Amino acid sequence: MVSRNTVQRRIVLNAVRSLPIHPTAEEIYSHVAEEHPNISKGTIYRNLNLLADQGEVLRVRIPDGADRYDYKTERHYHVRCIRCGRVFDVDMPCREDILEGITDSHGFIFTDFDIVFTGVCPDCQ
Ligand SMILES: [Zn+2]
Ligand SMILES: [Zn+2]
């Protein structure tokens with residue numbers, strides 16, 4: 001027997017996979033609400049957090065913007081269009097050793113990093 005939570009999580013995961021790349025929680029909610037009007041926004045947010053914690057989706061933190069969600073879970077870099085705000089993947093090898101390049105930690109314990117480039121997408125040029 002499949003629990004209601006499992007069903008909801010699957011609906012949210014499918015929405016992340018089917019939407020154009022890197023939707024916000026708000027966009028995922030609007031998409032899900034079309035077919036499942038009785039799923040609340042809180043449920044969507046809770047499931048997105050769960051999926052991100054479990055590594056089933058990647059949470060992409062955008063400076064000064066809403067978090068985005070990505071079905072591509074291996075680390076990769078992103079570029080945000082400064083005109084339309086859409087977020088795209090950047091095709092380049094990821095440097096996992098980037099933290100080792102820090103010469104003085106100034107007392108910080110570094111835990112992770114996100115790299116978001118900015119640019120102007122082809123549609124907005
Ligand atoms: Zn654009
Ligand atoms: Zn991505």
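Predicted model: local features only at pLDDT ≥ 70, side-chain atom pairs only at ≥ 80, totals over all residues.
How do strand 3 and strand 5 run relative to each other, parallel or antiparallel? Strand 3 covers residues 77-81, and four bridges join it to strand 5 in a parallel arrangement. On the other pairing, strand 3 and strand 4 go together in the antiparallel sense, over four bridges.

## The hairpin

Strand 3 and strand 4 also make up a hairpin, with five residues between them. Which residue in the turn has a positive phi? That's Gly85, with a phi of about 80 degrees.

## The chain as a whole

Zooming out, the chain has three helices and five strands. Along the sequence they follow the pattern α-α-α-β-β-β-β-β. If you want a box for the C-alpha atoms, take roughly 50 × 40 × 25 Å along the principal axes.

The chain is split into domain 1 (4-70) and domain 2 (77-124). Their C-alpha centres are 22 Å apart. How many residues of each domain take part in the contact? Eight residues of domain 1 are in contact with eight of domain 2. On the domain 1 side, the touching residues are four nonpolar, two polar and two charged.

Helix 1 spans residues 4-18 and helix 2 spans residues 25-35; their axes come within 10 Å and cross at roughly 115 degrees. Angles of 65 to 115 count as roughly perpendicular, so helix 1 is roughly perpendicular to helix 2. The crossing is right-handed.

Which residues meet here? From helix 1 come Ile11, Val12, Ala15 and Val16, and from helix 2 come Ile28, His31 and Val32. Sorted by class, this contact of helix 1 with helix 2 has six nonpolar residues, one polar and no charged ones.

## Helix 2 against helix 3

Helix 3 covers residues 41-53, and its axis comes within 10 Å of the axis of helix 2, with a crossing of roughly 125 degrees. That makes helix 2 oblique to helix 3. Is the crossing left-handed or right-handed? For helix 2 and helix 3, the crossing is right-handed.

Helix 2 brings Ala25, Ile28, Tyr29 and Val32 to this contact, where they meet Lys41, Ile44, Tyr45 and Leu48 of helix 3. The class count for helix 2 with helix 3 is seven nonpolar, no polar and one charged. Ile28 and Val32 are worth a look, as they meet residues of helix 1 and also residues of helix 3.

## Helix 1 against helix 3

What is the angle between helix 1 and helix 3? They pack at about 80 degrees, and their axes are 9 Å apart. That makes helix 1 roughly perpendicular to helix 3.

On the helix 1 side, the residues are Gln8, Arg9, Val12 and Leu13; on the helix 3 side, they are Thr43, Ile44, Asn47, Leu48, Leu50 and Leu51. This contact of helix 1 with helix 3 divides into six nonpolar, three polar and one charged.

Some residues turn up in two of these contacts.

Note on methods. Residues numbered from 1 in each chain as written. Chains lettered and ligands numbered in written order. Pairing = 2+ DSSP bridges. Helix = DSSP H or I, 4+ residues; strand = E, 2+ residues; numbered from the N terminus. Domains from an automatic or database assignment. Contact = placed C-beta atoms within 7 Å. Nonpolar A, V, L, I, M, F, W, Y, C, P; charged D, E, K, R; others polar. Axes fitted to C-alpha atoms, helices over the stretch in contact; angles between N-to-C directions. Parallel < 35°, antiparallel > 145°, perpendicular 65-115°, else oblique. Left-handed = near helix turned anticlockwise from the far one by under 90°.
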